[in-house]
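Student: I'd like to go through this model and check what stands behind each label. Can we take it term by term?

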Amino acid sequence: MAATQMQGRGPPKGNIELFSPTYFAACGLGGIVSCGPTHTAVTPLDLVKCRRQVDANIYSSNFSAWRSIFAKEGLRGVFFGWAPTAVGYSFQGAGKYGFYEVFKYYYGEKLFPNANKTVVYLGASASAEFLADIALCPFEAVKVRMQTTLPPYANSLREGWGKVTAKEGLGGLYKGLYPLWGRQIPYTMVKFATFETTVNQIYKTLGKPKESYNSLQQTGVSFLGGYIAGIGCAVISHPADVMVSKLNAERQPGESGGKAMSRIYGNIGFRGLWNGLPVRIAMIGTLTAFQWLIYDSFKVSLGLPTTGGH
């Protein structure tokens, strides 16, 4: 992946020099714009999912859950936990997208200019997510405690943060960091590598270079590539997500994690690990597609090129 390949996109239309500190900062800001609002928008889904993972019998369905919560607490109850979600995933978005662009440039252009592109995408996304999750973890810790306890552990981000740090110190906010890395890093590697590869293939199939298409057409390709990448993310992470849900719902007191997983797998089998996959594909595919659409639209608004297709 020689430097001339990346520079072949031509100069940016705006005043931001490609691969400058300002460029990387702009990409980080684009990550905030793309991740914060989209994750906040699906807070109602996340709230019910988290509660049902902890207590499988608390609601009979998602719709009955929303009806019950809305009847008791109104719209605020349906979006309970939105603040740590918005702040946490905004920070994560800045790190995920901003550092991805940094690492992709330095790995692919400076350190390993002859490396396979897919390897560069995988390495850059893994490095970026490693850092992004350090920013996300405290807010995720507060969010989960707020959403999974009844009555709620706290009613606001400030209250929850204060309670955790008062009892457990700052370390209490990072108890879930290793599992978060274990879940998010493979997910993000698939998200970025699949997106880049898909977008490249779309332009190859169309038979014209990316620069021959207008901004609207290019962001349309980003949306399609993002949806396909989201499908990959959903598929690769679904068995683990099902197992986590089952562990939260069915793990017996004093039972080790390994023994519980063996028992659960014995009950549901390999096919059971894929229960609910179509719904997860629809949710994550759509979420990922809109994130890439918003991110690349933001870049275009600054006169920067869209991602991929080089």
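This is a predicted model: local features need pLDDT of at least 70, side-chain atom pairs count only at pLDDT 80 or more; totals for chains, interfaces and linings use all residues.

Student: Why is Gln147 called buried?

Tutor: Buried means under 20% relative accessible area, exposed over 50%, and partly exposed in between (1.4 Å probe, protein chains only). Gln147 has 0%, so it is buried.

Student: Where does Gln147 lie, and what is it in contact with?

Tutor: Gln147 lies in helix α6; helices (H or I, at least four residues) and strands (E, at least two) are DSSP runs, numbered from the N terminus. Contact means heavy atoms within 4.5 Å. Leaving aside neighbours within four places in sequence, the partners of Gln147 include Thr43, Asp46, Arg51 and Phe80.

Student: What makes Gln147 and Phe80 a polar contact?

Tutor: The rule asks for a pair of N or O atoms within 3.5 Å; within protein, one must be able to donate a hydrogen and the other to accept it, and residues adjacent in sequence count only if both atoms are side-chain atoms. Here a polar side-chain atom of Gln147 is 3.0 Å from the backbone oxygen of Phe80.

Student: How do you know that Lys299 and Glu101 form a salt bridge?

Tutor: A salt bridge is a side-chain nitrogen of Lys or Arg within 4 Å of a carboxyl oxygen of Asp or Glu. The closest N and O atoms of Lys299 and Glu101 are 3.3 Å apart. Lys299 is in helix α11 and Glu101 in helix α5, so the pair ties together parts 198 residues apart in sequence. At 2%, Lys299 counts as buried, and Glu101 is buried too, at 4%.

Student: What else does Glu101 pair with?

Tutor: Lys104, with N to O at 4.0 Å. Glu101, Lys104, Glu196 and Lys299 are linked in a network of salt bridges. The whole structure has eight salt bridges.

Student: Why is Glu159 called partly exposed?

Tutor: Because its relative accessibility is 32%. Its salt-bridge partner, Lys163, has the N and O atoms 3.7 Å apart from it at the closest, and Lys163 is partly exposed at 33%.

Student: What makes a set of residues a nonpolar core?

Tutor: The members are buried Ala, Val, Leu, Ile, Met, Phe, Trp, Tyr and Cys residues joined through side-chain atoms within 4.5 Å. The largest such core has 27 residues, and Phe19, Tyr97 and Trp292 are among those with the most contacts inside it. Its largest share, six residues, comes from α8. A second, separate core of 15 residues includes Val48 and Phe139.

Student: Which residues form the nonpolar patch on the surface?

Tutor: Phe99, Phe130, Leu131, Ile134 and Tyr174, with about 390 Å² of accessible area together (Shrake-Rupley method, 1.4 Å probe, only the protein chains shown counting as cover for residues). Patch residues have over 30% relative accessible area and no salt bridge; like charges are joined within 9 Å, nonpolar side chains (Val, Leu, Ile, Met, Phe, Trp, Tyr) within 5 Å. Phe130 has 35%, so it counts as partly exposed. The largest share of the patch, three residues, comes from α6.

How values were computed
Residues are numbered from 1 along each chain as its sequence is written. Side-chain values use heavy atoms; hydrogens and water are left out.
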